[in-house]
Amino acid sequence: MDSDKPAVANSSTRPSSYVKPSAAGLINYALPPADLESDLVIVFDTESGSVPKDKKTPVMVEDSFRVLLSVLVNAGFSFKVRVHKPGSVFIFVKASDAVVSFASYRSQIKDWLFGIRTSAPVVQDKLDDNFSTAERLRLVYERLTNSQKDHGLGITPGQGDWVFVKSIFALHDPKFNVAWIERWSTKWVLDDDELDIIKNSFGEKIALYFAFLQYYFTRLLFPTVLGLLAFFFLPPYSPIFAIISCLWCCVFIESWKRREIELAVKWGVKGCSDLDTHRAAFKGESEREDPITGDLVRYYPPWKRVLKEFTAIPTALTAGLILIGIQAVVFVIEIFLSEIYDGPLKQYLVFLPTALLAALVPALTAFYNIIATGMTEWENHVTERTYDTSMTQKMFVLNFLTSYMGLFLTSYVYLPFGHLIAPNMDIISATMEHFIGEMASAKKFTINKFRLKQQYIYFTATAQLINFFVETLLPYIQRRAFKEAKKLQEKVTGTCEEVFKDKEEEASFLMRVRTEADFPDYVVGDDYREMIVQFGYLSLFSTVWPLAPLFSFINNWVELRGDAVKICLDTKRPIPSKGETIGPWLDNLTFLTWLGSMTTASLVSMYRASATEPDCSYLVSARPWVLLSAVLLSEHAYFVARYLIRLIYDALDSTVVQKHHRLQYLNRQQTLNRSLTEGEPIEALEHAEMVVTETKRDELRTSIADAVATLQLSLVKSEAAKKED
């Protein structure tokens, strides 16, 4: 479609207007020229895909490229093609307002039929100001990627006929990003208007995460104040603080459920979880009639999927046992080196446990992630929602063990049974001399009764600071280091990277696109996981150190703004999607609260006496039957409290939900009062999507040859590089 072919130029002869993408992570905020304005960008990369190199020919690549462009043209999309890098091009895809309007109409019909939408579907000849950017991007993306049965083109990157389609992504809105960061940097508390702005730009799913984080942040104010009072005025392991903390966890979860429903109703997505489209990777064994719509759909027996899901249990148990074994061994090594060993090189050996955990745990986690991903794919889930739920729960098992196992070992192994080491010190000393020599020595062992508190302070204060550095600042430093390393390499080798000389008016914008194309995808599940782990520290062990909620409160204020910066500067723009709930993360919160009711009771029973009575001769003074009774009583009290809190919230009517039911009633009443034949049938409106005239379509088809020429230009550089190698 674009006849101007970019030439290849050496970086030493770049024009002054050529702006190289910042490797330091700061986005080039150049705006697109008028002819490059687009909804989405498709990366067509000849080096990606599963086609073997010996079978990959230029004819195959060009045919695949022509097919892709023809599909876009026939669906009414316009496009522009520009070079990305050798062997890769950008396809800037733009949908007409008519295409988007008809896609919106189909979406409204589906929502109406399933009771999500309260008002009847309406065809918009012209998109009004209320049509958000997120809604447009979502509709265009679904039109491109959904299957044909779901009224899409079926363009799934890396699959089927689209093996050379590397990715489909949306470009950031520089003006919005700058205004968003500046606005949030001056606000202490975020209101619902800010959530609506996020929803209109990034979709309901991302807005729901920020709504949860904001809600969690504000509700942490109560345990923060309570913790300060407990720290200064209550004794350690106070039962009062423990009981109120457990009640707060129950109230928080039940109140968030109410908040979640209100947001879903307000945003018009209540019930959208039941309308997920089929995954492209889903493989049905047969076709059956959908029990609701009556359409023929691909079918896979649920009992087979359930059996496959059960096979994940022994896999998770095996990985969990291995991880527990690793952490237990490292734990013993740490106790030995820090509290028993007193020989040579001790000042260096004390760092050995940390090094072992830093090396082994990430490796095991990455290996388990590969296995869990393969098993979830093997389960053959129909929708993305069920796939994400299954994957989330598999990873939660490992996250739980990596986050809390050290505290569990200290609480229920080291402190209660550490006194058994002292009588065996002679054996330990003799063993050390046998293996290490006479220089080895063992000092008198005494239990560090502050170890649990020291560990907990690290996880709730120091570790959160480190995590913020790794999540927000480290990507910037890495890109900066990569940039400097690349400069040094060019200086040492005397070679310069060959780049494509863009048109002067497009150069800075294309550099921004190339930078964003290399960004990783934003995965909202990673941020949810971070918050759930933090909640677990509070629900499971907050009685150890009452100031933990204060540090979580401060961290979450920073986290809100840090995540916004991360989206704007460090990741691709999230593709908007609907969402009405935080899904499996809510189940994980409930599990942690239930488990916390038992751990809190056990910690108070075990360590309250030794922490408050100076003359107590035992670190753990509770008898086993007293400890068991306290745990069982606390667990049953938790179930009773949760039931009562739920009853209270059910009795309190939500004004948002009431307005929704009222509007739903009035709209359906109006529908009954008017004739169903007044409106035009959907078949008479399908021409709206094809408003592009045949003359315009012929013009678009002839421009495919120019686009192929652009692709060939990138291939010339790619082949030359291969020959040089």
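Which side chains meet in a salt bridge at 2.8 Å, N to O? In this predicted model, the side chains of Arg82 and Glu506 do so, a salt bridge being a side-chain nitrogen of Lys or Arg within 4 Å of a carboxyl oxygen of Asp or Glu. As the model is predicted, local features need pLDDT of at least 70 and side-chain atom pairs count only at pLDDT 80 or more, whereas totals for chains, interfaces and linings use all residues. Residues are numbered from 1 along each chain as its sequence is written, and side-chain values use heavy atoms, with hydrogens and water left out.

The Arg82–Glu506 pair links distant parts of the chain, 424 residues apart: Arg82 belongs to strand β3 (residues 77–85), and Glu506 to the loop between β8 (498–501) and α16 (507–517). Helices (H or I, at least four residues) and strands (E, at least two) are DSSP runs, numbered from the N terminus. Arg82 is buried, its relative accessible area being 4%, and Glu506 counts as buried at 2%. Here buried means under 20% relative accessible area, exposed over 50%, and partly exposed in between (1.4 Å probe, protein chains only).

The structure holds 21 salt bridges. Another of them joins Arg136 to Asp97, with the closest N and O atoms 3.1 Å apart. Because Arg136 lies in helix α3 (residues 133–145) and Asp97 in helix α2, this pair ties together parts that are 39 residues apart in sequence. Arg136 is buried, with a relative accessible area of 13%, while Asp97 is partly exposed at 40%. Helix α2 (residues 97–113) is also the place of Ser101, which is buried at 5% relative accessibility.

Lys572 sits in the loop between α18 (548–569) and α19 (584–612) and Asp521 in the loop between α16 and α17 (524–541), so the pair ties together parts 51 residues apart in sequence. Lys572 counts as buried at 10% relative accessibility, whereas Asp521 counts as exposed at 56%. Salt bridges that share partners also join Asp35, Arg82, Lys503 and Glu506 into one network.

Arg305 is buried yet has no salt bridge, and the nearest side chain of opposite charge, Glu309, is 5.5 Å away; Lys and Arg count as positive and Asp and Glu as negative, with His and the chain ends not counted. A polar atom of the Arg305 side chain lies 3.3 Å from the backbone oxygen of Glu379. Leaving aside residues up to four places away in sequence, Arg305 touches Phe282, Tyr300, Glu379, Asn380, His381 and Val382, where contact means heavy atoms within 4.5 Å.

Turning to the whole, the protein chain has 24 helices and 8 strands. Buried residues make up 46% of its 725 residues. Among contacts between residues at least 6 apart in sequence, 80% join residues at least 24 apart. The accessible surface of the chain comes to about 36400 Å², with 62% belonging to carbon and sulfur atoms; accessible areas come from the Shrake-Rupley method with a 1.4 Å probe, and for residues, only the protein chains shown count as cover. Phe232, in helix α7 (residues 221–233), counts as exposed at 59% relative accessibility.

How values were computed: A polar contact is a pair of N or O atoms within 3.5 Å; within protein, one must be able to donate a hydrogen and the other to accept it, and residues adjacent in sequence count only if both atoms are side-chain atoms.
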